[in-house]
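Biologist: I have the sequence and the coordinates open. Please show me how to read the main features.

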Amino acid sequence: MHVTTLGPLALDGRPVRGERLSAVVRELVAARGRAVSVGALVEAVWDGAPPDDEQGAVQALVSRVRRLGLRVETLPGGYRLPSDDLTVDADEARALVGAARAALDADDLAAAAEHARRARALLPAAPDDVAAVRLLAETADVAARVALRAGGPYDESDLRQLATRTPPDEPSVALLVRVLAAQGRDAEALEVVESLRRDLAERYGTDPSPVVAHAHVALLRGELGPTSAPATSSSPTATPLAAGHTPARPASSPLAHLPSAWRRPPTPLVGRDADVAAVTAALQEAPVVTVVATGGAGKTRLAAEVARGVAQAGQQVRVVELAGLRSADDVLPAVLGELGGSETVPTLPEVNAERRVLPRRDRLRAAAQNLSGLVVLDNCEHVLAEAASVVADLLEVVPPDVTVLATSRAPLGLVGERVHRLLALPDDDALALLRARAQAARPGMVWDDEQALALCHRLDNLPLALELAAARLRSMPVQDLLDGLTDRFTLLDDALRGLPERHASLWALVDWSRDLLPDDERALLERLAVVPGSFTAALAASIAGVPDARRGLADLVDQSLLVLDDTGSGPARYRMLETVREYGDARLEASGHRDDAMAGLVAWATREAVDLADRMFGPGQLAALARCSDEQESLVAALRWALEHDEEPSAVQVAAALFQWWTVRGMHVEVVTWASRLVHVDDPAARRRSALFVGAASGRPLPHGDLATSVMLQTAVNGGITSTLRLPSLAGRVLRRLMREQADEISPGAAALAQAVPTLASNDLEALEALRRGARRARRRAHARARAVPARSGAGEQRRAGRVRAGRA
């Protein structure tokens, strides 16, 4: 039987009459042969307003479905429609779109056009269903790219329909701009962009997305024309490329994913033109190119210049920054996070199906299926073996046109790797760099080439050392700087041994810069070394143990020991250069104040995590998730320290935010890994003394009941992806203890979910249905309480508490 779902529902061309009957048929067809519970059918048909006799009402509808000729099977607690004898138009359309993209990738334009035409014929003229609109966007995308590649004919009607929807489909807008420009209709293309800009500003108070902005800029520059053809794409969100570029693989992102510091360099690159050209040429010949050099030679700066050039040529670029990682186990999650890969997938096509953990190579394959262009892994040296393993696995699953650029102190050691050794700058270039930076800092300063060249030699002509020296020349002459370096080298030989060889020449410069700081700023510099990534002034103040650290941060930025990034919409963030971080870390270890610094980090992390956990539900959720993404590295560092030092309340508080964020991101393995440490999966002795398991009898501080419940619920849910139920079982033990001893601290919604944890591991549809009804009743009660809160006294705090409780429920 042929089922038409795109548009009015029909079976073998016969329309299905009645909204409720159609809803049941659509739900059963969408399940693709899986069981559908009575509760799911009730939700689909009555949308939150079920009849009194749910079972009887659904049974009556299913009987009518059977009279239509569909073989619906009855199961305990639900129904199933076998898919063996069904053909669904949506499936046919998706297969045709996939075939069209494959043909386009193979430059078979005639076949691609025919497949796209047949897919479009299955769609309504003006679809309003979400799935049909998505298929229309994909079909129009392929058809437009075929026309651009072949030089016409052009039919922009579908693109215009998508561009004028509410909300507009912005990738289709960008493609429409290119189609119009390809026909010489630049004025119309500009009007399309301006119309979108006005609509977004009036309706949503926002600007066009980067994909539209990219097409608009290309149009204004005259880069779009009859010969321009964007790259093929596997989705309507493809990156339109610059004129004349037609790579073999699609680009899945609207723009190159460059870190903010890479997009627009603060200063010109001096003395590296030949290196940029050599690395760019090597990327055309080898699958992986590694830039190898000592610390401070400018590996990252060179990689940024190469990546920016590749992006300007219209190719996709993804950058994975590894400098902040402290463990080799973090390399693969970092790569997957940048490439967009999840650690699990549904076992069946539907989103709500049981999930399974993907093997390592399958996770990379899933993330790289639409990858093209260049992948950059920056600062691999401290996780070299794992970085090499990930690159090797990545190269096995990506198309041949994808290349990898790595920066490291040592080669990755892979077959086919091209190593580019980045040497110190020649004398002329080093002198030019120092002079340019110094005169930018203090225009009109007295300059002596002989003294300046001697300074360059003392600094091994390393770019980072020259940058730091130039900052010092703002307030002193070159000769004084030379004299200071001489004294400090001698001091270091006597005071500190075993320094990293790659930083031997930079240590004296950073150490001397530190000596120029007041005592409180020296302590701040050392303590900030425990922060693995970028940070805010609030985190710095907590680590330093002072109310406000902004003055000290400003001085460290002025001394070029910190980098300020205030380009985003949120609070300004600071970043410490890795050379300076290693220096500060060694100084902190020697001072014996690491415990104090980490205590400040953990204290900040607990406050931040509790606030984020409260805002993970309700209108502030998106902002909270974005904030959690920004602070992840620092939160993980705090969680690791709290677990290593058996600080259970702090660990629970930090995990409350991280577990929720990782779950939303689909990073279930991260939750399982850290939750296993939190509940001592492999350490029964630790569980016997743990406050989570023993409670007050342990004689130790108790984690807050509501936060601990939230963490255990996330543990139980994510633990379902493992091969055993050990983790959910341990989480259930903690939840039972919490319900006995700390029930007054637990919100009603969390309590209801905690009681349902044993049922979540069940395959009994009737039990799950009862759970659904109970959760719905709890949600209604929570919303009723939330509405009643503003009428009480103390409205400000109680309103917020009500929203939090209602959101959690």
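Biologist: What should I know about the model and the numbering?

Modeller: This is a predicted model: local features need pLDDT of at least 70, side-chain atom pairs count only at pLDDT 80 or more, and totals for chains, interfaces and linings use all residues. Residues are numbered from 1 along each chain as its sequence is written, and side-chain values use heavy atoms, with hydrogens and water left out.

Biologist: Which strands does β8 pair with?

Modeller: Strands of a sheet pair through backbone hydrogen bonds, either parallel or antiparallel. Two strands count as paired if DSSP finds at least two bridges between them. Helices (H or I, at least four residues) and strands (E, at least two) are DSSP runs, numbered from the N terminus. Strand β8 (residues 288-292) pairs with β13 (residues 403-408) in the parallel sense over 5 bridges, and V292 has S408 of β13 as its bridge partner. The pairing of β8 with β14 is also parallel, over 5 bridges, and there V288 stands opposite E417.

Biologist: In what order do the strands of that sheet run?

Modeller: The order is β9-β12-β13-β8-β14, an open sheet of 5 strands with parallel pairing. At its edges are β9 (317-321) and β14 (417-421), each pairing on one side only. From one strand to the next the twist averages 15 degrees. Axes here are lines fitted to C-alpha atoms, for helices over the stretch in contact, and angles run from 0 to 180 degrees between N-to-C directions.

Biologist: Which strands form the antiparallel sheet?

Modeller: Three strands do, in the order β4-β6-β5, again as an open sheet. The edge strands β4 (35-37) and β5 (73-75) have a single partner each, so one side of each lacks a neighbour in the sheet. Strands β4 and β6 (residues 78-80) pair over 3 bridges, with Y79 of β6 as the partner of V36. Helix α2 (residues 38-46) lies across β4 and β6, at about 70 degrees to β4.

Biologist: How do α28 and α32 pack?

Modeller: Two packed helices are described by the angle between their axes and the distance between the axes. For α28 (residues 648-664) and α32 (residues 705-718) the angle is about 40 degrees and the axes are 9 Å apart. That makes the pair oblique; angles under 35 degrees count as roughly parallel, over 145 as roughly antiparallel, 65 to 115 as roughly perpendicular and the rest as oblique. Contact (heavy atoms within 4.5 Å) involves residues including A656 and F659 of α28 and V711 and T715 of α32.

Biologist: Why is α8 described as largely enclosed?

Modeller: Because 13 of the 13 residues of α8 are buried, the helix is largely enclosed by the rest of the structure. Helix α8 (residues 170-182) reaches 18 Å from its first C-alpha to its last, close to the expected 18 Å, where the expected span is 1.5 Å times one less than the number of residues. Just after α8, G184 takes a positive phi of about 80 degrees.

Biologist: How many helices and strands does the chain have?

Modeller: The chain has 36 helices and 16 strands, and 49% of its 809 residues are buried.

Conventions. Buried < 20%, exposed > 50% of the residue type's maximum accessible area, 1.4 Å probe, protein only.
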